[in-house]
Amino acid sequence: MGEEYDIVNLIVLGVISWTTVFLLVRKIFSDRSFELCNRIISTIHGILAVILASLSVEDWSCPVCPLASASTPKQRQVLAVTVAYLIYDLICCLFDVKFTLDNTVHHLVSIVGLAAGLAFQLCGSEQVAALFITEISSPFLHARELLKEFGYRDTDLNLAADVLFAVIFSVARMVGGPYLTFVTLTANNPLLIKAMAVGLQLVSVFWFYKIVKMVKYKLTKRRKLVGMPGKLD
């Protein structure tokens with residue numbers, strides 16, 4: 001019972017901490033957009049989530065082991081940090097001028113899914129692995145947009161960020177993702193966890209298709225700019 005309260009306290013402290021860091025970033029970049037400041041926080045979370053997820057792995061010869069087992073305290077702490085971030089980000093989205101319903105639904109589903117894992121203290125290995133796979137490309141996703149706002153749109157640096165994001169996303173979601181989905185479905189996991197694994201992989205396939213189109217467009221656009229004197233000066 002005491003550990004459950006510790007997790008709740010960690011989530012509450014996390015929400016306060018993420019909000020405080022956002023306010024500090026907003027003050028530092030007061031002349032920049034609300035979205036840029038929020039993306040900086042998202043980048044910090046992405047890096048932190050990957051580091052914490054990596055530190056929680058018990059055996060790197062089988063990173064998702066033990067399967068269908070009780071969550072370890074370290075795994076629950078990792079998930080709690082991300083739940084706190086998602087709650088903060090959901091609140092931020094409500095104040096953003098670019099509010100979208102699909103993003104809100106995504107946050108709510110993610111919060112409910114992770115909170116269910118924390119409440120039942122099950123499938124910690126699978127959930128932390130899913131967190132690692134989804135967040136490892138996140139810093140590069142946000143870097144693309146941050147570079148644009150800092151004036152590096154249509155530059156070699158911005159193109160490099162696009163390609164790097166696409167490569168990391170593709171490897172994580174289309175190699176690591178199917179493997180995680182397979183082991184999750186074949187293990188004795190609750191139906192909810194299996195459904196979330198399939199849903200995550202379907203979403204990953206959809207975004208993989210969109211990213212391939214984006215990269216093709218960027219490379220085609222870049223070739224056209226290179227062929228036009230003065231456009232890259």
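This is a predicted model: local features need pLDDT of at least 70, side-chain atom pairs count only at pLDDT 80 or more; totals for chains, interfaces and linings use all residues.
Residues are numbered from 1 along each chain as its sequence is written, and side-chain values use heavy atoms, with hydrogens and water left out. Local features need pLDDT of at least 70 and side-chain atom pairs count only at pLDDT 80 or more, while totals for chains, interfaces and linings use all residues.

**Exercise 1.** Work out which elements line the second largest pocket, and what class of residue they bring.

*Solution.* 
- Start with size: the volume is about 370 Å³. A pocket here is an open set of points on a 1 Å grid over the protein atoms alone, where a 1.4 Å probe fits, with protein on both sides within 12 Å along at least five of seven lines.
- Next, the lining, meaning residues with an atom within 4 Å of a point: of its 21 residues, Pro63, Val64, Ala129, Phe132 and Ile133 are closest to the centre.
- Helices H2 (34–55), H5 (124–135) and H7 (156–186) each give two or more residues. Helices are DSSP runs of H or I, at least four residues, numbered from the N terminus.
- H7 gives the most, with six.
- Sort by class: 16 nonpolar, five polar and no charged residues. Ala, Val, Leu, Ile, Met, Phe, Trp, Tyr, Cys and Pro count as nonpolar, Asp, Glu, Lys and Arg as charged, and the others, Gly among them, as polar.

**Exercise 2.** Describe how H5 packs on H7.

*Solution.* 
- The axes (lines fitted to C-alpha atoms over the stretch in contact) are 10 Å apart, at an angle of about 170°.
- That makes the pair roughly antiparallel, a label for angles over 145 degrees.
- Now find the contact (heavy atoms within 4.5 Å): H5 brings Glu126, Ala129, Ala130, Ile133 and Thr134, and H7 brings residues including Arg173, Gly176 and Leu180.
- By class, this contact has five nonpolar, four polar and two charged residues.

Note on methods: Grid points are joined across faces, edges and corners, and a volume is the space filled by probe spheres set on the points. Axes are lines fitted to C-alpha atoms, for helices over the stretch in contact, and angles run from 0 to 180 degrees between N-to-C directions. Angles under 35 degrees count as roughly parallel, over 145 as roughly antiparallel, 65 to 115 as roughly perpendicular and the rest as oblique.
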